[in-house]
Amino acid sequence: IFQLVMMDPGITAFVTGIALSTFSTVIVAFRLYCRYIRMHTIHLFDYFIIGALLVTWGNTVLNYYQVTFGAGVHFPDLITPKRPQVLHAIFGTLITWYIYRMSYPVALCLVKFSLLFFYRTLATSCNFRRIVTITIAFVGIYTASMIIAGAFQCRRPSDAWSITGYLAWISPPTKLTHGKATHPARQKCFDPTYLWAAFAGVNLFTDIVVLVLPIPMLLSLRLPLTKRLGLVSIFSLGFLAIVASSLRVWILTLWAESVASQQKYGTDLLLWGQVEINSGIVSASIPFLKQFFTGRRSTTRGSDTVAIERPTPRPLKPFCPTLHQDKKLDVTQCSMGRPETEPGEMGWRPFITVPANLSSKEGSKNDSVIQIGIAK
């Protein structure tokens with residue numbers, strides 16, 4: 001099995017997708033356990049990461065069919081398709097890639113939304129919150145643009161997976177008209193290569209922005225330097241996603257050269273796409289796993305765990321002696337209620353602020369205020 005995986009790049013891409021998606025599922029499960037079970041809370045950015053994980057599994061299923069339909073079909077078979085199996089493979093490849101080029105941006109967008117909305121909860125300044133909001137809007141707009149462009153690549157969307165239309169684009173000239181070679185009638189579709197290259201570049205740029213955005217805020221926290229650097233290192237795990245995105249941009253340039261190169265580098269695009277998305281999911285979930293190791297109300301020091309407990313309050317003495325409406329209140333006889341103390345233990349009566357003539361109607365015009373703080 002290992003030799004088969006190493007010899008077939010399509011199987012390598014699919015197995016890698018299964019392994020990475022499974023690992024991401026475990027990490028997200030631990031995250032939800034810490035958030036919902038330990039902390040009893042869940043927010044919008046948690047739902048975003050769940051959506052990204054579901055779309056990633058959908059992409060893994062698509063990768064399987066992309067690899068299956070593309071296996072055993074070579075470029076000469078596409079030029080002169082004679083077997084029904086080749087036509088079936090062409091149709092399957094077209095429809096799966098049509099879905100993939102819309103689901104892939106959705107997964108990336110959900111991962112970035114999860115991080116950015118989490119940053120909003122950490123914002124301590126209006127400027128940082130404003131920058132995060134602008135980044136969210138930018139990511140949402142360019143992702144929606146890519147989905148619309150992918151869905152309407154052709155004037156009629158169904159032409160995007162039409163076998164006849166695809167063969168018309170890759171077939172050689174068939175006849176001469178006025179001494180010039182002409183191609184078969186082609187559907188009205190635009191070449192999305194440049195659009196995908198632009199999307200890959202913008203995606204790489206936003207990956208860098210999302211990675212760098214919280215670092216100044218983390219470094220400005222009033223924590224020891226070692227803890228601040230530890231937080232920065234945790235949030236910097238997304239650097240792997242930037243590396244995968246950079247490699248994917250380079251492979252995309254090779255993939256776009258010709259139809260033959262698309263067959264050659266198609267599996268590499270799928271492979272590094274899985275690495276990019278899953279590394280983003282993992283890096284967005286790691287900061288929430290601390291509760292799994294420390295607990296809800298505990299602090300870890302080395303190998304010892306110190307629980308944080310609240311002291312039991314002592315009973316309070318009666319507030320004041322019994323009063324009658326026909327008697328004036330003697331302030332010196334009142335006690336606002338204080339914890340009982342042991343014999344010989346210093347204690348303080350609470351600080352009292354009451355009018356001097358509480359029940360007297362004949363008090364002076366400028367009633368004074370008595371403030372009492374008596375040590376026992």
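A: Begin with what a pocket is. On a 1 Å grid over the protein atoms alone, a pocket is an open set of points with protein on both sides within 12 Å along at least five of seven lines, and its lining residues have an atom within 4 Å of a point. Keep in mind that the model shown here is predicted.

Q: Which residues lie nearest the centre of the second largest pocket, and how many residues line it?
A: The lining has 24 residues, and L231, I234, P287, K290 and Q291 are the ones nearest the centre. The volume of this second largest pocket is about 820 Å³.

Q: Which helix gives the most to the lining of the second largest pocket?
A: Helix 10 does, with six residues. Elements that each supply at least two lining residues are helix 5, helix 9, helix 10, helix 13 (290–294) and strand 3 (298–301).

Q: How does a cavity differ from a pocket?
A: In a cavity a 1.4 Å probe fits but cannot get out, whereas a pocket is open. The count here is two cavities of 30 Å³ or more. The largest cavity has a volume of about 220 Å³. Its lining is made of 17 residues, and those closest to the centre are L115, G238, A241, G280 and S283. Helix 5, helix 8, helix 11 and helix 12 each contribute at least two residues to the lining of the largest cavity.

Q: What is the overall make-up of the chain, in helices and strands?
A: The protein chain has 13 helices and six strands. Of its 376 residues, 37% are buried. Among the contacts with a separation of 6 or more, 67% are between residues 24 or more positions apart.

Q: How should I read a nonpolar core?
A: In soluble globular proteins, nonpolar side chains tend to be buried together. In this model the largest nonpolar core has 47 residues, and L116, Y119, F128, V132 and I281 touch the most other members. Helix 3, helix 5, helix 6 (126–151), helix 8 (193–212), helix 9 (215–219), helix 10 (225–235), helix 11 and helix 12 (259–285) each supply at least two of the core residues. The most come from helix 5, which gives twelve residues.

Q: What does F128 contact beyond its neighbours within four places in sequence?
A: With those neighbours left aside, F128 is in contact with Y119, A123, L213, P214 and M217. There is also a second, separate core of six residues, which includes Y98, A151, C154 and C189.

Q: How is an aromatic pair described?
A: A pair of aromatic rings is described by the distance of the centres and the angle of the planes. A search of the whole structure finds 16 aromatic pairs. In one of them, the rings of F48 and F117 have centres 5.2 Å apart and planes at 40°, so this pair counts as tilted. F48 is in helix 3 (residues 44–70) and F117 is in helix 5 (residues 84–122), so the pair ties together parts 69 residues apart in sequence.

Q: Are F48 and F117 buried or partly exposed?
A: The cut-off for buried is under 20% relative accessible area. F48 has 16% and is therefore buried, whereas F117 has 23% and is partly exposed.

Q: What kind of pair do W97 and W255 form?
A: Their ring centres are 6.3 Å apart and the planes are at 25°, so the pair is stacked. This pair links distant parts of the chain, with W97 in helix 5 and W255 in helix 11 (residues 239–255), 158 residues apart. W255 is buried, at a relative accessible area of 7%. Ring pairs also join W97, Y100, Y104, W196 and W255 into a cluster.

Conventions: Residues numbered from 1 in each chain as written. Predicted model: local features only at pLDDT ≥ 70, side-chain atom pairs only at ≥ 80, totals over all residues. Heavy atoms only, no water. Phe/Tyr/Trp six-rings, centres within 6.5 Å; stacked < 30°, edge-to-face > 60°. Helix = DSSP H or I, 4+ residues; strand = E, 2+ residues; numbered from the N terminus. Buried < 20%, exposed > 50% of the residue type's maximum accessible area, 1.4 Å probe, protein only. Contact = heavy atoms within 4.5 Å. Core = buried A, V, L, I, M, F, W, Y, C linked by side-chain atoms within 4.5 Å. Points joined across faces, edges and corners; volume = space filled by probe spheres on them.
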